[in-house]
Amino acid sequence: KIPVIIDTDPGTDDLTAILMCLACEELDVRALTAVGGNVGIEKASVNALKIVELSGKDVKVAVGAKKPIVRELVTAEVVHGKTGLGNVRLPEPKMDFYEKDAVETIYEEAMLAGGRLKILALGPMTNLAIGLLKYPELKEKIDSIVFMGGAMNLGNVTAAAEFNIYADPEAAKIVFDSGIHMVMAGLDVTHETIVTREENRRLHALNSEPAKVVAKLIDYTIDRENPFNRRGGVMHDPLAAAALIDSSVLETEHYYVDVELRSALTRGKTVVDVFRVTDNEPNIHVGVKSDNEKFLAILEGMISQYEV
Ligand code: BDR
Ligand code: CA
């Protein structure tokens, strides 16, 4: 089994992505590490505990960074609701947080995994960047990072930038420059990965509690005013999860990607050197096309694993 850490700011679509990975037999999810993003760290960490309890699995949850490395925290309650979990109410968790914080947990698991640890990053990259600054040797111990973030052409929090990278651009820059193998599911591909109301009926037809919650949250996403795409619910974090589970869902091209740190107008824009006009070596396998049919099969395949 592949050891995995999910770094997350749950978040409605984080929940679906996490449940997909927890159901996957080939993955050994060692921990969820929470980060402030869609909601502040207090809510994000408690949501992570609630999601683990909903799954019925035994996975530790570590509390991470309260705020970005340099910037003030920006959250996205408009998108994810006041609690971060949209229109669902999950019971208060019985579990406690892991005794170590997110950075120490990532380091501990990376050392234990002997170079095999994969990270699924679903929020701002603050925990990962702090980890790399504190433990420079970490970069040799992480096999790869699959992340939801950035875009070649689109912006969802500003006209230029995607939320996760906008929220903590300095952190993203540190992680992008680390030399770790990176796979990016950005807005260009997540906005092409859709679940329609019709397709969501198949999830509603599953009887387990996790499946019901996922179906309800996908409806919530479909219902939300979505200026970009009205065909159905856009799958951000779930596409990154699917790419971790089966890399063939995402076609990638290897490019150098930088992050805008200075301009207010384009803060957090991922600048992708498609025509290789810089001398910089490619650092990210950028998702350029997703296979929607395959995505749906992975989503349904994973969520149907939960017992009734
Ligand atoms: C990303 O930001 C959050 O709203 C989602 O959970 C996803 O990680 C999309 O820009
Ligand atoms: Ca997220």
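Biologist: Against which elements do the buried residues of α5 pack?

Modeller: In this predicted model, α5 is mostly covered, with 7 of its 9 residues buried. Those buried residues are T126, N127, L128, A129, I130, G131 and L132. The elements they pack against are β1 (2-8), β2 (27-34), α4 (102-113), β4, α6 (138-141) and α8 (169-176).

Biologist: At what angle do α4 and α5 pack, and which residues make the contact?

Modeller: The axes of α4 and α5 are 9 Å apart, and the angle between the two helices is about 65 degrees. The contact is made by A102, V103, I106 and Y107 on the α4 side, and on the α5 side by N127, I130, G131 and K134.

Biologist: How do the residues of that contact of α4 with α5 divide into nonpolar, polar and charged?

Modeller: α4 passes α5 in a right-handed crossing. The residues of the contact between these helices divide into 5 nonpolar, 2 polar and 1 charged.

Biologist: Is G123 buried or exposed?

Modeller: G123 is placed in the loop between β4 (117-121) and α5 (126-134). Leaving aside neighbours within four places in sequence, G123 is in contact with D7, T8, D9, G11, V35, G37, N38 and N164. Because 32 C-beta neighbours lie inside 10 Å, where 20 or more are required, G123 counts as buried.

Biologist: How far apart in space are G123 and Y107, C-alpha to C-alpha?

Modeller: Along the sequence, G123 and Y107 are 16 residues apart. In space, their C-alpha to C-alpha separation is 18 Å.

Biologist: Where is the cis peptide bond that involves G11, and what is its omega?

Modeller: G11 has its place in the loop between β1 and α1, and G11 is also one of the residues that come nearest to ligand 1. The cis peptide bond joins P10 and G11, with an omega of about -10 degrees.

Biologist: Which residues come nearest to ligand 1?

Modeller: By class, the shell around ligand 1 has 5 nonpolar, 6 polar and 4 charged residues. Two helices, α1 (12-23) and α7 (163-167), each supply at least two residues of this shell. Of the 15 residues around ligand 1, those that come nearest are G11, D13, M148, F163 and H236.

Biologist: α1 also packs against α13, so I would like to know how the two helices are oriented: what is the relation of α1 to α13?

Modeller: α1 and helix α13 (residues 292-303) pack with their axes 8 Å apart and at an angle of about 70 degrees. Because angles of 65 to 115 degrees count in this way, α1 is roughly perpendicular to α13.

Biologist: Which residues of α1 meet which residues of α13, and how do they divide by class?

Modeller: The crossing of α1 and α13 is left-handed. L19, M20 and A23 in α1 meet L299, M302 and I303 in α13. By class, the residues of this contact of α1 with α13 divide into 6 nonpolar, no polar and no charged.

Biologist: Which residues does I245 touch, not counting those up to four places away in sequence?

Modeller: I245 lies in helix α12, a helix (residues 237-245) that is mostly covered, with 9 of its 9 residues buried. I245 is itself buried, because 24 other C-beta atoms lie within 10 Å. Although I245 and V146 are 99 residues apart in sequence, they are 10 Å apart in space, C-alpha to C-alpha. The residues that I245 touches, with that exclusion, are M20, C21, C24, I298 and M302.

Biologist: How far is G233 from T221 in space, C-alpha to C-alpha?

Modeller: G233 is found in strand β8 (residues 233-234), and it counts as buried because it has 26 C-beta neighbours inside 10 Å. Not counting residues up to four places away in sequence, G233 touches I194, V195, I218, T221 and I222. G233 and T221 are 12 residues apart in sequence, and their C-alpha to C-alpha distance is 5.2 Å.

Biologist: Is R276 buried or exposed?

Modeller: R276 lies in the loop between β11 (270-272) and β12 (284-290). Although R276 is not a glycine, it has a positive phi of about 50 degrees. Because 11 C-beta neighbours lie inside 10 Å, and the limit is 12 or fewer, R276 counts as exposed.

Definitions and conventions: Residues are numbered from 1 along each chain as its sequence is written. Chains are lettered from A and ligands numbered from 1 in the order in which they are written. This is a predicted model: local features need pLDDT of at least 70, side-chain atom pairs count only at pLDDT 80 or more; totals for chains, interfaces and linings use all residues. A residue is near a molecule or strand if its C-beta atom, placed from the backbone, lies within 6 Å of it. Helices (H or I, at least four residues) and strands (E, at least two) are DSSP runs, numbered from the N terminus. Ala, Val, Leu, Ile, Met, Phe, Trp, Tyr, Cys and Pro count as nonpolar, Asp, Glu, Lys and Arg as charged, and the others, Gly among them, as polar. Axes are lines fitted to C-alpha atoms, for helices over the stretch in contact, and angles run from 0 to 180 degrees between N-to-C directions. Angles under 35 degrees count as roughly parallel, over 145 as roughly antiparallel, 65 to 115 as roughly perpendicular and the rest as oblique. A crossing is left-handed if the near helix is turned anticlockwise from the far one by less than a right angle, and right-handed if clockwise. Two residues are in contact if their C-beta atoms, placed from the backbone, lie within 7 Å.
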